[in-house]
Amino acid sequence: KSEESGPILRGGLVPAVMALQACPQALKPLVKPILPQGLATASRAPQKCGSHRVPAALLAVSAGAVSSRRTGTREKLCRRTSVTKTVDVSVEVQEGRAPASARRLWAEVGFTGGAAKEAWLQAFASDACVEDLYLSDVPAGAQGVSAYLENKSQIGRLVIDRMTDGDKSCGFTWHLEDDAGGVGIRATTFIELNDQGQISFLREICEPLYKPGDLTVELLKAVGSGNVADFGSGQEAARRTPSGASDLCRYLWKELQGRAPPEESLSFFAEEVLYEDFNYEMPMRGKAEVGAFLEKFADIKALKFVAERFSDGSRACCFTWNVEIAGTPEDAPRTRGISFYELDSDGKIIFVRDIPESLAKPPPLQALASALQPKLRIFQARSMQASIEPCNCASEGGVVWPTGECVDGKTILAQKVTGADGQSREISQELGTANGAVVIFLRHLG
């Protein structure tokens, strides 16, 4: 049973992110508890904007005013889909400079018109690095901002789903909507401010429209061959108790990665965690699914995620990264990515979104979808309707068969179909390990 309103083509074959190893000794307390917030909608020398080796240096914190804002929605998600649903929570929040700037530009100012462009140019530093990873070779400064706005000139309504807290940097997840309320492409954006409060760095990645699933794992194993990534001295990392989301993400990515067994990471995840890795069609729900995911990527010995920039939030953290594969040439392009982590009220990881870039610019399927459906940038709108209850596809009454009767998943998989080779076999045999929606024409039944 498809939980979207129709099939959606996907684009981009790039490595998935894995949440890295954590430590059971650090569970008392695990991380400092953070109250939930309502949601409205080793340094290196800098290199030119658009380089595959983005500097990891963070800008210094500078004092600044914060704005008080009452927001009224918080995202809930279906157990088997990532389409959003909002419920009222009415929490008073204090927004730092970076989240306030992001909300003003992306949710209020918009992307078209002379006044909007002027507001954007004033908000960005003259030498800002603009990494819109839909595009290639984006220039720095005003030209980069103009290219970013041009790329957004025909989109529908941009809806912010989740926003980190913090002051000098932040990240947010978002999706597009059309006039009918259909949901389009999903994405994550990271920004960082300079000492003057202007945006000095931006990275944005939209979800790939083709999601290869476990083929990503096999590809990385093949590329890495028998090589092993270098994680330093080889000694185990010192265990400590992270405090807040930003510190926890640094701990996982810069201290424990490659120096602790993967199962330790699960102690940092909430039981009801929702993990969206956009190499996969469906999100992972719960610690068991996330644990199996981590084990897959732990087997890729040549793989190393190089963390770059972290937002400074305590409730949620967004950070950028690139992929290093041992044995590949030093000058080989590195896949870049962006991740968003959010904690629950107990300080456990409750939500993750990982998005890798497409190495082709613009991503071919995204470019085609943008031409055909510019407001949504996917081929067919997703439904806004989502349930927080488990999907009933596998239960009796969950699927309506062509005869009109309601059947369960086992009944469907036992039906006979004629394969491409002319042989008759059960649907379960024909599907094999296929993921996602599969269309079966009635003439092939029997």
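Here is a short tour of the inside of this structure, a predicted model.

Let's start with the nonpolar cores. The largest one has 38 residues, and Trp253, Tyr341 and Ile349 have the most contacts inside it. Several elements give two or more residues to this core: H4, helix H5 (244–256), strand E10 (269–277), helix H6 (287–298), strand E12 (303–310), strand E13 (316–325), strand E14 (336–343) and strand E15 (349–356). H5 provides the largest share, with seven residues. There is also a second, separate core of 35 residues, with Leu105, Cys170, Leu176 and Cys206 among its members. As a bit of background, nonpolar side chains in soluble globular proteins tend to be buried together.

What does Ile349 touch, if we skip its neighbours within four places in sequence? Its contacts are Leu248, Leu252, Phe268, Phe269, Ala270, Val273, Tyr341, Glu342 and Leu343.

Now for helix H4, which spans residues 215–224. Thr216 sits in this helix, and its side chain makes a polar contact with the side chain of Asn279 at 3.4 Å. The C-alpha atom of Leu220 is 8.1 Å from that of Ile325, although the two residues are 105 places apart along the chain.

Helix H2 (residues 114–123) shows how a helix can have two faces. Its buried residues are Ala116, Ala119, Trp120 and Ala123. They share one side of H2, because they span an arc of only 100° around the axis.

Finally, the cysteines. How many disulfides are there? The count is zero. Take Cys318: its sulfur is 7.1 Å from the closest cysteine sulfur, the one in Cys317, so the gap is too far for a bond.

| Residue | State | Relative accessible area |
|---|---|---|
| Cys206 | buried | 14% |
| Thr216 | buried | 1% |
| Leu220 | buried | 4% |
| Cys318 | buried | 0% |

How values were computed: Residues are numbered from 1 along each chain as its sequence is written. This is a predicted model: local features need pLDDT of at least 70, side-chain atom pairs count only at pLDDT 80 or more; totals for chains, interfaces and linings use all residues. Side-chain values use heavy atoms; hydrogens and water are left out. A disulfide is a pair of cysteine sulfur atoms within 2.5 Å. Buried means under 20% relative accessible area, exposed over 50%, partly exposed in between (1.4 Å probe, protein chains only). Helices (H or I, at least four residues) and strands (E, at least two) are DSSP runs, numbered from the N terminus. The arc is that of the directions from the helix axis to the C-beta atoms. A polar contact is a pair of N or O atoms within 3.5 Å; within protein, one must be able to donate a hydrogen and the other to accept it, and residues adjacent in sequence count only if both atoms are side-chain atoms. A nonpolar core is a set of buried Ala, Val, Leu, Ile, Met, Phe, Trp, Tyr and Cys residues joined through side-chain atoms within 4.5 Å. Contact means heavy atoms within 4.5 Å.
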